[in-house]
Amino acid sequence: MSGTYQRPVALFWWLERRSYLLFVLRELSSVFVAWFVVFLLLLVNAISDGAASYERFANWSGHWWVVAINVIAMLFVLLHSVTWFALAPRAMVIKLRGTRVPPPAIVAGHYAAWLLLSAIVAWVVLR
Amino acid sequence: MADEITLEVARYRPELDSEPVMESFQVPLREHWAVLDGLTYIKDQLDGTLSFRWSCRMGICGSCGMTVNGEPQLTCATFLTDYAPGPVRVEPLRNFPVIRDLVVDIGDFMDKLPTVKPWIVRDVQSPVEQGEYLQTPEQLDEYKQFSMCINCMLCYSACPVYSLEPDFIGPAAIALAQRYNLDSRDEGASERLGVLSSPEGIWACTFVGECSAACPKGVDPAGAIQRYKLTAATQAIKGLLMPRSRR
Amino acid sequence: MTRFHDVIVIGGGGAGLRAAIAVAETNPALRVAVISKVYPMRSHTVSAEGGAAGVAAPDDSLDEHAYDTVSGSDWLCDQDAVEAFVAEAPREMLRLEHWGCPWSRQPDGHIAVRAFGGMKKMRTWFAADRTGFHLLHTLFQTALSYSDIVRYDEWYVTKLLVDDGRAYGVVAIELATGRIETITASAVIVCTGGCGRVFPFTTNANIKTGDGMALAYRAGAALKDMEFVQYHPTGLPFTGILITEAARAEGGWLLNKDGYRYLQDYDLGTPTQEPVLRNMELGPRDRLSQAFVHEVEKGRTIDTPYGPVVNLDLRHLGAKLIDAKLPFVRELCSKYQNIDPVTELVPVRPVVHYMMGGVHTDIRGATSLEGLYAAGEVACVSINGANRLGSNSLPECLVFGTRAGRAAAVFAGRYGAAVPSAVIAQGRDEERRLTQELTRHSEGHERIADIRTEMQTTMENGAGIYRDADSLVKAADRLEELRLRYEHAAIDDHSKDFNTELIALLELGFMLDVAQSIIACALRREESRGAHQRTDFPARDDERFLAHSLVRRQPDGTSQVTYLPVTITRWPPGERVYGR
């Protein structure tokens, strides 16, 4: 053949479709999950160093830009959870007595577990 | 309903063009006409030089996959009236080299498919005189979905990983491997493991999920891949913990 | 450029792939090439829906399958071939099962069978209602495991090379590049399928243009029983898309505009709630299609913009059964007619579906040319005679694909690789001719599509479900005119890269040859039998016509029809009885 044509992949290929954009944001959200882990480690470290250290940490956390980052991070982590919960049934094929557990049930199970764990953590923290 | 609809069709003549050019045609807008009927009208009546593949026109042969208004579609299974008043933009399937007009080269898939051994692998094939291998309807259901692939390539066209990493084995090939892995008559799962768990196999997949969205037959290749990730990971751990035990 | 393979298989569908595998298994030292104008998974085998017949149940017997096939064929089949066929069909289908074919199962894991038209016992194996799809993909994927099988995907064969009565290979165009090559062989197997596209309204895919029949015909091989064209009773009105016979086997009814199950008026039995084998809607296809024509004449069909239709009623089957046994039917009706068969009537009408006739072969798959074999729909052995029973054609591909593959492998093994220089010269000539054709037709002035449409209309009018001498003679004249106009057909596309217009032109040439042979045979057969119904000769005439029509091309381009007696072994000609 005289020559096949290869359509070049656009630099911003992920802006071409809503589904691609969502995918890239989902992947990006793992960065913010990592941020929360780091933040949590810093918090634990601050507490273990005593009350003064915790004060300093709490003040620092109150800066507008830290709050802003954490709000954005929380949105991304929510996105992360929602998208991965939605995809969970595709990877988890569970059979109970011969019939496949319907996908919505698996998603519901994930949310239920999340709610339960959150309730436990909240109870521990707030009591 | 209007009389006509515009089809904007990608043309690529390697001897003349360095890249595809869009050309507009007016075709009749009839109630039962698929996009494919519009294309055959163009070829039969307006411009015989338009090249495209088609055969069964009932969504089972997989020949007529093209990009319609940006989406990978079987042109025999989408209807002009769905796009009215138009225009309808018809381009070749993305992620494949274009040979001519709306015809792409799917040689890459044809090369990759045999590497996953999409056939029944058994140590011993019992003679047919002994009758069929028994397989209950439940066992059939385990792999049935993955056996529905018509090799239309819409999934490859939709997959951004395939566009960025052409070595990726791809959704359909992996789904077909799973079809055999999950077939109760097959004993070849260990033989397929190597290819599937290679860097170009399942681990290249980042679960975008577009393949399953594009699939006209409900095969759910994304599901096949994710499930296999679980299997492959389990095998890897088993291999680490119990290196001497037979799989 | 010339290449050589021990065996060439033209066509990569059910028969072609099975033949290639048979060659590889018979003699692994042979190199076999499968040359197909489409990727094999696009072959028309993929569209088959209903099932594949093979004696499986303990209360069934080979004799009964044979008798159903013989009577279904209106006694025009060769009974020795039928006996071999019914014996080998179950084995072939078990082989497919061992290769992974997802046959539908009974709860205990054994293969399930269902009823089908014209069969007295339930013996049709099925893979939901996508049997051909599963069969083809199983064969294709299994063929991938044989390293001796070389594939030429999207190569179009334009000529069979024959010297001194023996076939030595082909000339083919590589679609992607336009490159023309001579590929020689010790044996050639033609598995190119049928020719439904010769008619305007057909279940057949675009690719079913009778290429192999014309190739063999032009090479000097005899075609057989070309006048027997099967109309399937239930095709969707605009597209012609097939609604499988399984819909009726599961209990569907055919209703005219008054909601009346009209088949009871045509000696096909009395209507029952549950389907009864060989009764009413489970009668043979030719009789059902003929009944439709009578209903049209009586004004009892429903008029639509796409012609008269009757209704297929599946509503009483229920969603559960339809989703389990007829899911593809539901999908097709919904997509192409916007109808849900669970709650609505499905408009259907007879549609050209299958070619009983084809390249004449014996029961090993050998044609009248040495080294040339044929199998599948392209061939006429004959097991289908004047009318084929549903679910016999898929096992036919397997049984005769295997037989032809084996015979070709033995032949190739015996005769080795010597190819006469005359063949190479022929190949060169054909390469030159094709290049010249491209140039010549660049100056044409007729649209290919127009000639094709007129040919199709001519065939519909001249050789439809009912024919007579008048309509056939008119059709023959018309085809002559169209052949002359074909010489002036225009090609807009002068390129080399994937020139589908050139292929369309070549296909049209093949179709005109096939059409001509159909008309010639139909004109000469002055009787009515099976799918060939002459209003001027309404009776079956076993004295004169218990024989196959053989048609051969003459040096001057005309065709000559002779007769070959049918082989009768155990079932002397009798009356075809259904519903009684």
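Chain C averages a pLDDT of 96, and 100% of the residues score at least 70; pLDDT is the predictor's confidence in each residue, from 0 to 100. This is a predicted model, in which local features need pLDDT of at least 70, side-chain atom pairs count only at pLDDT 80 or more, and totals for chains, interfaces and linings use all residues. Residues are numbered from 1 along each chain as its sequence is written, while chains are lettered from A and ligands numbered from 1 in the order in which they are written. For the complex, the predictor gives an ipTM of 0.96 and a pTM of 0.94.

Now to the meeting place itself. Chain C brings 43 residues to the contact and chain B brings 44, where two residues are in contact if their C-beta atoms, placed from the backbone, lie within 7 Å. On the chain C side, the elements giving two or more residues are α3 (79-98), α4 (131-143), α9 (327-337), α12 (448-462) and α14 (500-524) of chain C. These helices are DSSP runs (H or I, at least four residues), numbered from the N terminus. The most comes from α3(C), with 5 residues. By type, the chain C side divides into 20 nonpolar, 13 polar and 10 charged residues. Here Ala, Val, Leu, Ile, Met, Phe, Trp, Tyr, Cys and Pro count as nonpolar, Asp, Glu, Lys and Arg as charged, and the others, Gly among them, as polar.
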